[in-house]
Amino acid sequence: MEKILILGLGNILFSDEGLGVHMAHYLSEKYRFEPTVDVMDGGTLAYQLMDHIALYDHVLIVDAALMSQAPGSIFAFRYEDAVKWGWHITAGAHEIEIVGVLTSLKLLGELPDVEFIAMEPYDIVSTHIGLSPVVRDRMKALEQVIVEKLGNWGIQCTPVREVSFDRSDKDLLDIAPDQTGKENSHVFGASAQSRQGS
């Protein structure tokens, strides 16, 4: 059985820059995937993701993309397209551009089949946890594109609970104050991986 990874990227501290991470958590909470699909919050990691990405046959990357189109516009393309365009995925606070990471994997002969589903952000400058209204209103459309792509790969996506993008800020972090008032966990990142399936 082929292994599939949905990888959400971005920095949730800069509003829409984190839309891929928000979507990864949304999908993980809402759906049961059959056969099994892994859903991972890649945060702003880059080279730390290389070994993980190499484990899969297909990787679907969800991220913000500056394409000079209307905010909320959705794009689907392959890694090879991004290389051909000389394109950089987001201009945000990622540790390093994900395209460079994928190119390194290709040079090592370990690059899986990689496709992107991305959205033009409205705000990647404000230090704000949460999506802009423009992007939040388009997240259902982004979800539909992702579900259709998974369907094309033979994945059945069954909703198991209702999930909203309008969660409070504290729900978007893996940081929780302990009884002394100190933060006792780590920042939202790759540790939030989930594995789903029957």
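Analyst: Let's start with F77: with a relative accessible area of 4%, F77 is buried, since anything under 20% counts that way. Keep in mind that this is a predicted model.

Now for the rings themselves. A pair of aromatic rings is described by the distance of the centres and the angle of the planes. A search through the whole structure turns up 3 aromatic pairs. In one of them, the rings of Y31 and F33 have centres 5.9 Å apart and planes at 35 degrees, so this pair is tilted. For F77 and W85 the centres are 5.3 Å apart and the planes sit at 55 degrees, so that pair is tilted too. Ring pairs also bring in F116, linking F77, W85 and F116 into a cluster.

Back to Y31 and F33 for a moment. Y31 has 8% relative accessibility, so Y31 counts as buried. F33 has 0%, so F33 counts as buried as well.

F33 also leads us into the nonpolar core. In soluble globular proteins, nonpolar side chains tend to be buried together. Here the largest nonpolar core has 28 residues, and F33 is among those touching the most other members, along with M23, M139, L142, I146 and L150. Several elements give two or more residues to this core, including α1 (19-30), β2 (31-34) and α6 (139-152). Pick out I146 and, leaving aside residues up to four places away in sequence, you'll find I146 touching M23, L27, L60, V62 and I117. There is also a second, separate core of 25 residues, which includes V59, A65, F75 and A82.

Just after α6, G154 takes a positive phi of about 85 degrees.

One last stop, in helix α1, where H25 lies. H25 has a relative accessible area of 15%, so H25 is buried. The side chain of H25 makes a polar contact of 3.2 Å with the side chain of D41.

Notes:
Residues are numbered from 1 along each chain as its sequence is written. This is a predicted model: local features need pLDDT of at least 70, side-chain atom pairs count only at pLDDT 80 or more; totals for chains, interfaces and linings use all residues. Side-chain values use heavy atoms; hydrogens and water are left out. A nonpolar core is a set of buried Ala, Val, Leu, Ile, Met, Phe, Trp, Tyr and Cys residues joined through side-chain atoms within 4.5 Å. Buried means under 20% relative accessible area, exposed over 50%, partly exposed in between (1.4 Å probe, protein chains only). Helices (H or I, at least four residues) and strands (E, at least two) are DSSP runs, numbered from the N terminus. Contact means heavy atoms within 4.5 Å. A polar contact is a pair of N or O atoms within 3.5 Å; within protein, one must be able to donate a hydrogen and the other to accept it, and residues adjacent in sequence count only if both atoms are side-chain atoms. Rings of Phe, Tyr and Trp (its six-membered ring) pair if their centres lie within 6.5 Å; planes under 30 degrees apart count as stacked, over 60 as edge-to-face and the rest as tilted.
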